[in-house]
Amino acid sequence: MVKDFGKSSYMFFNRHMVDRVKRKIEIEKMLREAIKEDGFKVLYQPQVSVFTGEIVGFEALLRMKKNPISPAVFIPIAEETSMIMDIGRWVAKEVIKQIGIWKKKGLNIKPIAINFSAKQLNDLSYIDFLQDILRKEDVETKYIDIEITESIFLEKKDETIEFLDQLKSLGIGIALDDFGTGYSSLSYLTFLPVDKIKLDKSLNDKFLELKSISVMDSIISLAHSLNLKVVAEGIEDMEQYKRLKVGKCNYIQGYLFSKPLEVEEVEEIHNYNFLQNK
Ligand code: C2E
Ligand code: MG
Ligand code: MG
Ligand code: MG
């Protein structure tokens, strides 16, 4: 009996692994096709001022046109290969082109945050690439923010800091994404050239509990004492919003106000005030 059980669980484990590898190969193929055949698009999620209800910016979030697979799944796969480099350049180009179009239409467009993978920060030529497209599309650097995650700094590499310093000196804003997950260390905030921290949804899902709320308040006031703005991510209900206002969090990004939007939807709501009807 024991032997049988051992054998079948061994086989189950194997099949599970095979399925995972198959799925990965399948997604890699989708990504390769999407790179070749213009198969990506970008959605834009508003970031809203806690105090005025105005839109202060958007986050650019990548999607595959044909497959509803989350970037939380396909980005890590792209990161394991060099595909993330092509994808990263495509996203930046697409977003900057879009800002150029919005500018020409006379829309009052706010800065757009682009997510950056660790690998992209090893490639200093990326900065020239960014500057080239910005120039070509006639878009100022103030319209661009970059979001990075703390995992980048596990090694605390000089080149990484160099890369970020260069972006910053061009006038590009830098946000530390997913704050409060994994490797969070408040000490990063003292040596990184960041302007903003983004409190992760997992932290925000818990902060209404008694003990977590003082953690939240402390993080926000620490960030403010370092001259950083705070964005709370994944905010879905009014109770969270109200408490974040008490804690003086600056901005909110979440389904409470808006999901990530298509380009046409951005154009419809770009002057909208999210507190008017709340
Ligand atoms: P992230 O940068 O932390 O982005 C925030 C994620 O939270 C987005 O998921 C957004 O749709 C989701 N979100 C926002 N508000 C809410 C809410 O109220 N409730 C819930 N349940 N979710 C909310 P998304 O678009 O699936 O992206 C997942 C992750 O994929 C991103 O996390 C980011 O790490 C990565 N990613 C997305 N686009 C890109 C990209 O162009 N380049 C890179 N390198 N990574 C990207
Ligand atoms: Mg992000
Ligand atoms: Mg995040
Ligand atoms: Mg993330």
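I started with Arg 32, which is partly exposed at a relative accessible area of 44%. A reminder to myself: this is a predicted model, so every value here is computed from it.

**Entry 1, the partner of Arg 32.** I looked up what the Arg 32 side chain meets, and found a salt bridge with Glu 28, at 3.2 Å from N to O. Glu 28 counts as buried, at 19% relative accessibility.

I then asked how many salt bridges the model holds. The count comes to 18. One of them joins the side chains of Lys 168 and Asp 195, at 3.1 Å from N to O. Lys 168 sits in helix H5 (residues 158–170) and Asp 195 in the loop between helix H6 (188–191) and strand E6 (196–199), so this pair ties together parts that are 27 residues apart in sequence. Both ends are partly exposed: Lys 168 has 33% relative accessibility, and Asp 195 has a relative accessible area of 27%.

Next I checked Asp 205 and Lys 201, whose side chains meet in a salt bridge of 3.0 Å, N to O. Asp 205 is partly exposed at 45%, and Lys 201 is partly exposed at 31%. I also found a network, in which salt bridges with shared partners join Glu 59, Glu 147, Lys 198 and Glu 233.

Which residues are the protein donors of the magnesium ion (ligand 3)? They are Asp 177 (OD), Asp 178 (OD) and Glu 233 (OE), lying 2.1 to 2.2 Å from the ion. I wrote down the spacing of these donor residues in sequence as D-D-x54-E.

I moved on to H3, which runs over residues 83–104 and has 22 residues. From its first C-alpha to its last, H3 reaches 32 Å, close to the 32 Å expected at 1.5 Å a residue. I listed the buried residues of H3, among them Met 83, Ile 84, Ile 87, Gly 88, Val 91, Ala 92, Val 95 and Ile 96. Further along H3, the buried residues include Gln 98, Ile 99, Gly 100 and Trp 102. Just after this helix, Gly 106 takes a positive phi of about 80 degrees.

Where does Ser 258 lie? I found it in the loop between strand E8 (251–253) and helix H10 (263–269). Although in a loop, Ser 258 is buried, with a relative accessible area of 8%. I then looked for what surrounds it: leaving out residues up to four places away in sequence, Ser 258 touches Gln 45, Pro 46 and Phe 274.

Methods. Residues numbered from 1 in each chain as written. Chains lettered and ligands numbered in written order. Predicted model: local features only at pLDDT ≥ 70, side-chain atom pairs only at ≥ 80, totals over all residues. Heavy atoms only, no water. Donors = N, O, S within 2.8 Å, 3.2 Å for Na, K, Ca; no water. Helix = DSSP H or I, 4+ residues; strand = E, 2+ residues; numbered from the N terminus. Expected span 1.5 Å × (residues − 1). Buried < 20%, exposed > 50% of the residue type's maximum accessible area, 1.4 Å probe, protein only. Salt bridge = Lys/Arg side-chain N within 4 Å of Asp/Glu carboxyl O. Contact = heavy atoms within 4.5 Å.
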